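Welcome, and thanks for taking a look at this one. Here is a short briefing to read alongside the coordinates.

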Amino acid sequence: MSGDPESIPACFDGDLGGSPAGSLAVTLVLGGDKAVERERDFTRALHGGGIAFLTPGEFEEVWPTIPKATAAGSVSADARFSAISDFRQQLLEAAEDSALGSEKEMKKLEGILSNGSLVANLTVGPAVDFLLHFGLPPRVLQPRFVVVIGPASVRVATLGFFGKRVIGDHPAE
């Protein structure tokens with residue numbers, strides 16, 4: 001119902017002047033302290049089971065396969081490097097197994113993995129930028145990330161709950 005405060009936010013409601021379509025450019029910082037924080041967020045997401053791959057033939061949850069040499073919940077430099085390396089290997093295997101990657105496409109995928117842009121997208125940062133851009137509360141609860149691997153493209157779908165703080169047993173009241 002258009003205009004109802006519990007309905008879709010006005011920025012996406014065509015009846016209220018919003019647009020349900022369009023694009024938004026998000027600038028990812030690939031170096032420095034922000035990159036280290038994104039690597040920490042990524043490591044937490046991987047160890048928490050918050051990442052999956054989707055190929056034309058399979059949906060697969062991604063879990064760490066390399067035995068942890070550090071304490072549970074660690075986001076040290078070694079833990080981050082291990083998580084990123086493990087993820088990289090699993091993604092390349094998923095792309096090869098799905099028969100999507102020509103040699104040229106696999107090299108592109110390796111480049112995306114090497115420059116850090118994919119890992120940077122597997123954090124709530126881009127989602128928070130999106131919410132702020134549209135004037136929505138910058139809160140993403142229970143985020144999950146799906147890496148969609150298709151012919152000639154790799155995309156990240158960020159899923160989660162967003163909105164105002166919910167209090168009480170019956171938040172609708």
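Let's start with strand β1 (residues 51–55): 4 of its 5 residues are buried, so the strand is largely enclosed by the rest of the structure. Please keep in mind that this is a predicted model.

**Strand β1 and its partners**

- β1 runs antiparallel to strand β2 (residues 58–62), and 5 bridges join the two.

**Aromatic rings**

- How many aromatic pairs does a search of the whole structure find? The search gives 3.
- In one of them, the ring centres of Phe42 and Phe87 are 5.2 Å apart and the planes stand at 75 degrees, so this pair is edge-to-face.
- Phe42 belongs to helix α1 (residues 32–47) and Phe87 to helix α2, so their pairing ties together parts that are 45 residues apart in sequence.
- Phe87 also pairs with Phe53: the centres are 5.6 Å apart and the planes are at 50 degrees, so this pair is tilted.
- Because Phe53 lies in strand β1 and Phe87 in helix α2, the pair ties together parts 34 residues apart in sequence.
- Phe42 and Phe87 are buried, and Phe53 is buried as well.
- Taken together, Phe42, Phe53 and Phe87 form one aromatic cluster.

**Helix α3**

- Helix α3 (residues 103–115) has 13 residues and reaches 19 Å from its first C-alpha to its last, close to the 18 Å expected at 1.5 Å a residue.
- Which residues of α3 are buried? They are Met106, Leu109 and Leu113.
- Seen down the axis of α3, these buried residues fall within an arc of 60 degrees, so they line one face of the helix.
- The cover over the buried residues of α3 includes α2 (77–97), α4 (117–121) and β4 (153–162).
- Lys104, Lys107 and Ser114 are exposed on the other side of α3.
- Just after α3 comes Gly116, which takes a positive phi of about 85 degrees.

Technical notes. Residues are numbered from 1 along each chain as its sequence is written. This is a predicted model: local features need pLDDT of at least 70, side-chain atom pairs count only at pLDDT 80 or more; totals for chains, interfaces and linings use all residues. Side-chain values use heavy atoms; hydrogens and water are left out. The expected span of a helix is 1.5 Å times one less than its number of residues. Buried means under 20% relative accessible area, exposed over 50%, partly exposed in between (1.4 Å probe, protein chains only). The arc is that of the directions from the helix axis to the C-beta atoms. Contact means heavy atoms within 4.5 Å. Two strands pair if DSSP finds at least two bridges between them. Rings of Phe, Tyr and Trp (its six-membered ring) pair if their centres lie within 6.5 Å; planes under 30 degrees apart count as stacked, over 60 as edge-to-face and the rest as tilted.
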